[in-house]
Amino acid sequence: MAELSIADIIDASCVNLHMKASTKDEVIREMADMFYKAGNISSLEEFIQDVYLRESEGATGLGDRVAIPHGKSNAVVKTSVAVGRCDCDIEWETIGEGPSRLFIMFAVNSRDKSKLVSLLAEVAVALCDEETVKALFLCEHASEVIALLNKEGR
């Protein structure tokens, strides 16, 4: 099977640039709900439990107000990514400093460990580009987010 890229696993139904969340739990639940409504996960609660399992293993906040929560779960029907942005700061365990406002969540089936590593690396490269991060905080349409994460030539 060919390697997946971000372009293969993100669509507008899993992008919310004005999330209602005001706590970490609300962020995780709101983003997991996007996956559930898109048919990418079969069990909301099982997936959320697996995201919390990963959160317990170490920080997923990167600093610069960005976090990449993720979960490997048997509840994942289709490997996918969701992007959410909050208008308020969310306290988040981070390897950098400060709270988070931009969240990129991955849903990967437990059998597909190598996919998760590959996708995390692809997003990490995008997030190393200061201009891309700035643009992710300013854009107002899902199509802009998708284009930024799929930018060629990084």
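Cys-88 is partly exposed, at a relative accessible area of 30%; buried means under 20% relative accessible area, exposed over 50%, and partly exposed in between (1.4 Å probe, protein chains only). The model is predicted: local features need pLDDT of at least 70, side-chain atom pairs count only at pLDDT 80 or more, and totals for chains, interfaces and linings use all residues. Residues are numbered from 1 along each chain as its sequence is written, and side-chain values use heavy atoms, with hydrogens and water left out. Helices (H or I, at least four residues) and strands (E, at least two) are DSSP runs, numbered from the N terminus.

**Cysteines**

- Zero disulfides are found in a search of the whole structure, a disulfide being a pair of cysteine sulfur atoms within 2.5 Å.
- For Cys-88, the closest cysteine sulfur is that of Cys-86, at 5.5 Å, which is too far for a bond.
- For Cys-128, the closest cysteine sulfur belongs to Cys-139 and is 18 Å away, again too far for a bond.
- Cys-128 counts as exposed, with 69% relative accessibility.

**Largest pocket**

- The volume of the largest pocket is about 200 Å³.
- On a 1 Å grid over the protein atoms alone, a pocket is an open set of points where a 1.4 Å probe fits, with protein on both sides within 12 Å along at least five of seven lines, whereas a cavity is a set from which the probe cannot get out; lining residues have an atom within 4 Å of a point.
- Grid points are joined across faces, edges and corners, and the volume is the space filled by probe spheres set on the points.
- The lining consists of Leu-62, Gly-63, Asp-64, Arg-65, Val-66, Ala-124, Leu-127, Cys-128, Glu-130, Val-133, Lys-134 and Phe-137.
- Strand E2 (61–63), helix H4 (113–127) and helix H5 (130–138) are the elements that give two or more residues to this lining.
- H5 supplies the largest share, four residues.
- By class, the lining has seven nonpolar, one polar and four charged residues; Ala, Val, Leu, Ile, Met, Phe, Trp, Tyr, Cys and Pro count as nonpolar, Asp, Glu, Lys and Arg as charged, and the others, Gly among them, as polar.

- Asp-64 lies in the loop between E2 and E3 and counts as exposed at 65% relative accessibility.
- The phi angle of Asp-64 is near 55°, a positive value in a residue other than glycine.
- Arg-65 is also placed in the loop between E2 and E3; its relative accessible area of 36% makes it partly exposed.
- Phi is positive at Arg-65 too, near 65°, in a residue other than glycine.
- Val-66 belongs to strand E3 (residues 66–67) and is buried, with a relative accessible area of 4%.

**Helix faces**

- Helix H3 (residues 44–55) has twelve residues and spans 16 Å from its first C-alpha to its last, close to the 16 Å expected at 1.5 Å a residue; the expected span is 1.5 Å times one less than the number of residues.
- The buried residues in H3 are Phe-47, Ile-48, Asp-50, Val-51 and Glu-55.
- Seen down the axis of H3, these buried residues fall within an arc of 160°, so they line one face of the helix; the arc is that of the directions from the helix axis to the C-beta atoms.
- Helix H6 (residues 142–149) has Ala-142, Val-145, Ile-146, Leu-148 and Leu-149 buried.

**Contacts across the sequence**

- Val-66 and Ile-104 are 38 residues apart in sequence, with 7.9 Å between their C-alpha atoms.
- Arg-85, in strand E5 (residues 80–90), is buried with a relative accessible area of 5%.
- From C-alpha to C-alpha, Arg-85 and Ile-104 are 8.8 Å apart in space, and they are 19 residues apart in sequence.
- Ile-41 sits in the loop between helix H2 (24–37) and H3 and is buried, at a relative accessible area of 4%.
- Val-77 is in the loop between strand E4 (70–73) and E5 and counts as exposed at 58% relative accessibility.
- Val-77 and Ala-38 are 39 residues apart along the chain, and their C-alpha atoms are separated by 10 Å.
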